[in-house]
Amino acid sequence: MPDLYVSWSDYHQKIEQLAAQIYQSGWEFNQIVCLARGGLRVGDILSRIYHKPLAILATSSYSGAGKQERDNLLFSQHITMTTETLNSRILLVDDLVDSGITLQETIPWLRKYAGDQTIEIRTAVIWYKACSVIAPDFYVDYLVDNPWIHQPFENYEFTKPADLAIKYGQQIKV
């Protein structure tokens, strides 16, 4: 299984391709819910392109060095959003679908959170790995060999504020 390295330019182009694919489908949504952290950038850009409200649901399923070890899926208690309630047609976005567990478990979580309100949910990701237990409605790349994806912001996982202060010649205040 070879690793996949993605540049900032490629990353943004893939989000644009995803936006075009959703548009060409003709499906109209009235809110975007992104899964933090990986889906934050995707959700933000799609929200700007489509001029739709963005809601953020924090989830976590990775830990360990390099965030390559899968743990139990955790959800935040609430969704951060500027609308009073979830809208009726939600585009649920993340950067990728790996095992698929996060997307699969988020859909019923959103329905429960919405209560009596009827909502339609469709999913969108940049990368869809073959090992996933769920197929997203929209995706840019289908990855048969399930590579580990090195995204352009990954280096910040190992960046320390003190190192940046040294890099940019700023003194550390105590």
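**Note on an aromatic cluster and a helix pair**

1. Trp8, Tyr11, Trp127 and Phe153 come together as one aromatic cluster. Bear in mind that this is a predicted model, where local features need pLDDT of at least 70, side-chain atom pairs count only at pLDDT 80 or more, and totals for chains, interfaces and linings use all residues. Numbering starts from 1 along each chain as its sequence is written, and side-chain values use heavy atoms, with hydrogens and water left out.

2. Rings of Phe, Tyr and Trp (its six-membered ring) pair if their centres lie within 6.5 Å; planes under 30 degrees apart are stacked, over 60 edge-to-face and the rest tilted. That rule gives eleven aromatic pairs. Trp8 and Tyr11 are edge-to-face, because their ring centres are 5.9 Å apart and their planes stand at 90 degrees.

3. Trp8 also pairs with Phe153: with centres 6.1 Å apart and planes at 50 degrees, the pair is tilted. Trp8 sits in helix H1 and Phe153 in the loop between strand E9 (149-150) and helix H4 (161-167), so the pair ties together parts 145 residues apart in sequence. Helices (H or I, at least four residues) and strands (E, at least two) are DSSP runs, numbered from the N terminus.

4. H1 (residues 8-25) packs against H2 (residues 40-50) at about 50 degrees, with axes 10 Å apart. Axes are lines fitted to C-alpha atoms over the stretch in contact, and angles run from 0 to 180 degrees between N-to-C directions.
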